[in-house]
Amino acid sequence: MISTKGRYAIRVMIDLADHDNDTYIPLKDIAARQEISKKYLEIIVKDMVAGGLIKGASGKGGGYKLLRKPEDYTVGEVIELMEGSLATVACLADGAAPCPRADTCETLALWSDFDKLKHDYFYGKRLSDLVKQ
C-alpha cells in the first residue's frame, strides 16, 4: 500500500511541474492548492530535497522547484524514495539476504512476476504523463 507520504509527494511533484516557470514555488502555495497541511508537507519536501528530487531555497522568493524536467522523473523513483522498497516480500527487496528456500519456494515466481509488473508500471510512468496538458 502506498502511504499518504508517497501519494502527497507525487502531488507535490505534479504541482511543481504544473507551476514551473523557473522560480521557486512557496510551500504555502502548494499546500493551499493541494489542500494538504503545510506542516506535513514540510516533512515530505525535506525528504524530497535530501533524495535529490527537488531543490529548495529559504527566505524571500524561496520555495521549491524541480531539479529536472517533468519527463525526466518516473513515478517509481518518487514512490521508492518516499516509501522505500516496493518489494512484495522481504526476500525480493534490494540487498536482502539470500533466501534458503529460494530453490524450493513454490511462490517465488508469483511474487517475482508481480514485483516486475509493479516496477515496470511505476517506472514506466513519467511525471510529465500526470501533468495537465
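## Alanine 57 and strand E1

In this predicted model, alanine 57 belongs to strand E1, which spans residues 54-57. Its relative accessibility is 30%, so alanine 57 counts as partly exposed; the buried class would require a value under 20%, and the exposed class one over 50%.

Once neighbours within four places in sequence are set aside, the contacts of alanine 57 are Tyr24, Gly62 and Gly63. Proline 26 is 31 residues away from alanine 57 along the chain, and the C-alpha atoms of the two are 9.3 Å apart.

## Aspartate 15 in helix H1

Aspartate 15 is a residue of helix H1. With a relative accessible area of 1%, aspartate 15 is buried, the cut-off for that class being under 20%.

Leaving out residues up to four places away in sequence, aspartate 15 touches Ile30, Arg33 and Gln34. With glutamine 34 there is also a polar contact between the side chains, at 3.1 Å.

## Helices H1 and H3

Helix H1 covers residues 4-18, and its axis comes within 10 Å of that of H3, the two crossing at roughly 75°. Angles from 65 to 115 degrees count as roughly perpendicular, and H1 and H3 are therefore placed in that class.

On the H1 side, the residues that meet H3 are Thr4, Lys5, Tyr8, Ala9, Val12 and Met13. Their counterparts in H3 are Tyr40, Leu41, Ile44, Val45, Asp47 and Met48. Sorted by class, this contact of H1 with H3 comprises 9 nonpolar residues, 1 polar residue and 2 charged residues.

## Helices H2 and H3

Helix H2 (residues 27-34) packs with helix H3 (residues 38-50) at an angle of about 115°, and their axes are 9 Å apart. The crossing of these helices, H2 and H3, is right-handed.

From H2, the contact uses Leu27, Lys28, Ile30 and Ala31. The contact of H2 with H3 has 5 nonpolar and 3 charged residues, and no polar ones.

## Residues named in more than one contact

Conventions
Residues numbered from 1 in each chain as written. Predicted model: local features only at pLDDT ≥ 70, side-chain atom pairs only at ≥ 80, totals over all residues. Heavy atoms only, no water. Axes fitted to C-alpha atoms, helices over the stretch in contact; angles between N-to-C directions. Helix = DSSP H or I, 4+ residues; strand = E, 2+ residues; numbered from the N terminus. Left-handed = near helix turned anticlockwise from the far one by under 90°. Contact = heavy atoms within 4.5 Å. Nonpolar A, V, L, I, M, F, W, Y, C, P; charged D, E, K, R; others polar. Parallel < 35°, antiparallel > 145°, perpendicular 65-115°, else oblique. Buried < 20%, exposed > 50% of the residue type's maximum accessible area, 1.4 Å probe, protein only. Polar contact = N/O pair within 3.5 Å; in protein donor to acceptor, adjacent residues only side chain to side chain.
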